[in-house]
Amino acid sequence: MQFRMLGPLQMYDDRRRAVTELTSPMQQRLLKALLAHPNTLVPTAVLVRELWGGRPPDKAGNALQAHASRLRRAMERADPGGPGAARLAARDAGYLLRVGPQELDSARFRLGVRRARALAGSDPEEAGLLLRQALGRWRGEALAGPRGPAADALAVMLEQERLGALEAVFDLALLTGQHRRIVPELREAVLAHPARPRFREQLGRALAGPRGTPPADGGPALRPVPPSPGDAGDGGAGRDGGAGSGELDRLRALVERLASDQRALRSAIAQLSELVGRTAA
């Protein structure tokens, strides 16, 4: 079974290809709190705060036990033949949710980011495709719907990882000459995230286009052009500042574009490294 957090919370049975959504807000809050600390004993006091904030009901421990029992039954229905009651274990001090790494869509997203990082330096186009596949797991706001403080913090962290991966996608697209393709996406990102200046900078580069960008194989655009008779001995400028001067300007533009592309690649790799570092932490 998969626990889908990259959007409204869902439980997905891989075998039956069936989606189960919790209709109870309290069960949603409880499961989200447990998913924020998978395979970890979460104290009862923490879970009470996640469900009721600073106003718990009388006998909150008994109420929590009832919600946990209902959640356990919902998970058993969502995953028939799965680990059953062992999935959500009750302890004297709290509750523990057993989850495998491949059962979290957030873990699969992060795995895609790690694979993209490994390829960014040698194959930026393939790295961009891997990032897009990872981003394709998102269905909306992470853990959308009712949630407590721990789930809020997790949702914020996941959203920052998503935006970092999206910035890396655009950097890699610019590096591989896909300027026009990403203009609509960048415009949408700028409107959706006006406080994120990186998207505005990338949109400016995309609108400017790949002017002066050399062929991917370093072909004829990078080969020196023999100087004309008027160019010799005067630094290529020529006595009339004509063809030689234009060629120097073109070559300078190529050098500037290559430097910009190298910065974009370093930026994309740095963003991927940061994402992977957050995952490892």
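The model is predicted: local features need pLDDT of at least 70, side-chain atom pairs count only at pLDDT 80 or more, and totals for chains, interfaces and linings use all residues. Residues are numbered from 1 along each chain as its sequence is written, and side-chain values use heavy atoms, with hydrogens and water left out.

**Helix α4**

Helix α4 spans residues 105–120, 16 residues in total. Helices (H or I, at least four residues) and strands (E, at least two) are DSSP runs, numbered from the N terminus. From first C-alpha to last, α4 reaches 22 Å, close to the 22 Å expected at 1.5 Å a residue. That expected span is 1.5 Å times one less than the number of residues.

Buried residues of α4 are Asp 105, Ser 106, Phe 109, Arg 110, Gly 112, Val 113, Ala 116 and Ala 120. They lie on the same side of α4, because they cover an arc of only 155 degrees around the axis. The arc is that of the directions from the helix axis to the C-beta atoms. On the other side, Arg 115 and Ala 118 are exposed. Buried means under 20% relative accessible area, exposed over 50%, and partly exposed in between (1.4 Å probe, protein chains only).

**Positive phi in two loops**

Arg 17 sits in the loop between β2 (10–13) and β3 (18–20). Lys 59 sits in the loop between α2 (44–52) and α3 (60–78). Neither is glycine.

| Residue | Phi | Relative accessibility |
|---|---|---|
| Arg 17 | near 55 degrees | 69%, exposed |
| Lys 59 | near 55 degrees | 66%, exposed |
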